[in-house]
Amino acid sequence: MIPEAKLIRNELIIREMSLPEDVKLARKSLIRWIALSLGLIYPNETRQLLLEILDALFYFHAKKEQPTTEQIIAKLDEGKTEEDKVYPKAVYYHILKLKEMGLIDRKKGKIFFGNGDERKISEILKEFYISKVTTAFKDIEEAISRVEDGYK
């Protein structure tokens, strides 16, 4: 038996979704749509904190800033009452997961998309996902070729 779980280096989910006009009307709806389409959350899943973190990361990128986790937490807590403020450990957890996935990076405490350049986030993420698919297909093509050769 093959220990499949040990073989998985990375997992990538991309969803082809329609982008209705009503979703385009609100930033929160767009952030949720982006998270769903990039496989960061599942349908009917809330994970509100992850969505807020994505929103903050987009905000800082648009301002050409590379925030620290503390700055992200401060941004998330803006305008919230004491009881509604975020749990720092939960923010660190989500940032770590995004970093492990490769969507963001952190150097000298600063967090950024890609390699920290100021390109559009859409360009950075497209390059990231295409790179992952290209890498995955190298082994997929080899496996398919071996199967095809076995039928000859």
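These notebook entries record what I looked up in the structure.

**Basis.** I worked from a predicted model, in which local features need pLDDT of at least 70 and side-chain atom pairs count only at pLDDT 80 or more, while totals for chains, interfaces and linings use all residues. Residues are numbered from 1 along each chain as its sequence is written, and side-chain values use heavy atoms, with hydrogens and water left out.

**Overall layout.** I took helices (H or I, at least four residues) and strands (E, at least two) as DSSP runs, numbered from the N terminus. The protein chain holds six helices and two strands, in the order α-α-α-α-α-β-β-α along the sequence. Along the principal axes, its C-alpha atoms fill a box of roughly 70 × 40 × 35 Å. Of the 152 residues, 30% are buried (under 20% relative accessible area, with exposed meaning over 50% and partly exposed in between; 1.4 Å probe, protein chains only). I then turned to contacts (heavy atoms within 4.5 Å). Among those with a separation of 6 or more, 50% join residues 24 or more positions apart.

**Helix H3.** I checked the length of H3 first: its 15 residues should span 21 Å at 1.5 Å a residue, and the end C-alpha atoms are 21 Å apart, which agrees. The expected span is 1.5 Å times one less than the number of residues. H3 is mostly covered, with eleven of its 15 residues buried; these include Asp55 and His61. The buried residues of H3 pack against H2, H4, H5, strand E1 (104-107), E2 and H6. After H3 comes Lys64, with a positive phi near 60 degrees.

**Nonpolar core.** I looked for sets of buried Ala, Val, Leu, Ile, Met, Phe, Trp, Tyr and Cys residues joined through side-chain atoms within 4.5 Å. The largest such core has 32 residues, of which Leu40, Ile72 and Val91 touch the most other members. At least two residues each come from helix H2 (27-37), H3, helix H4 (69-77), H5, E2 and H6. H3 gives the most, with nine residues. Leaving aside residues up to four places away in sequence, I found Ile72 touching Ala56, Leu57, Phe60, Pro67, Val91, Ile95 and Ile111.

**Helix H6.** For residues 121-150, the 30 residues of H6 should span 44 Å, and the end C-alpha atoms are 44 Å apart, which agrees. Buried in H6 are Ile121, Ile124, Leu125, Phe128 and Tyr129. These buried residues pack against helix H3 (48-62), helix H5 (88-101) and strand E2 (110-113).

**Strands.** I found E1 and E2 antiparallel and joined by four bridges; two strands pair if DSSP finds at least two bridges between them. They form a hairpin with two residues between them, and Lys108 in the turn has a positive phi of about 50 degrees. Lys107 stands opposite Lys110 in E2.

**Ser37.** I placed Ser37 in helix H2. Ser37 counts as buried because its relative accessibility is 8%. Beyond residues up to four places away in sequence, Ser37 touches Ile13, Ile14, Arg15 and Met17.
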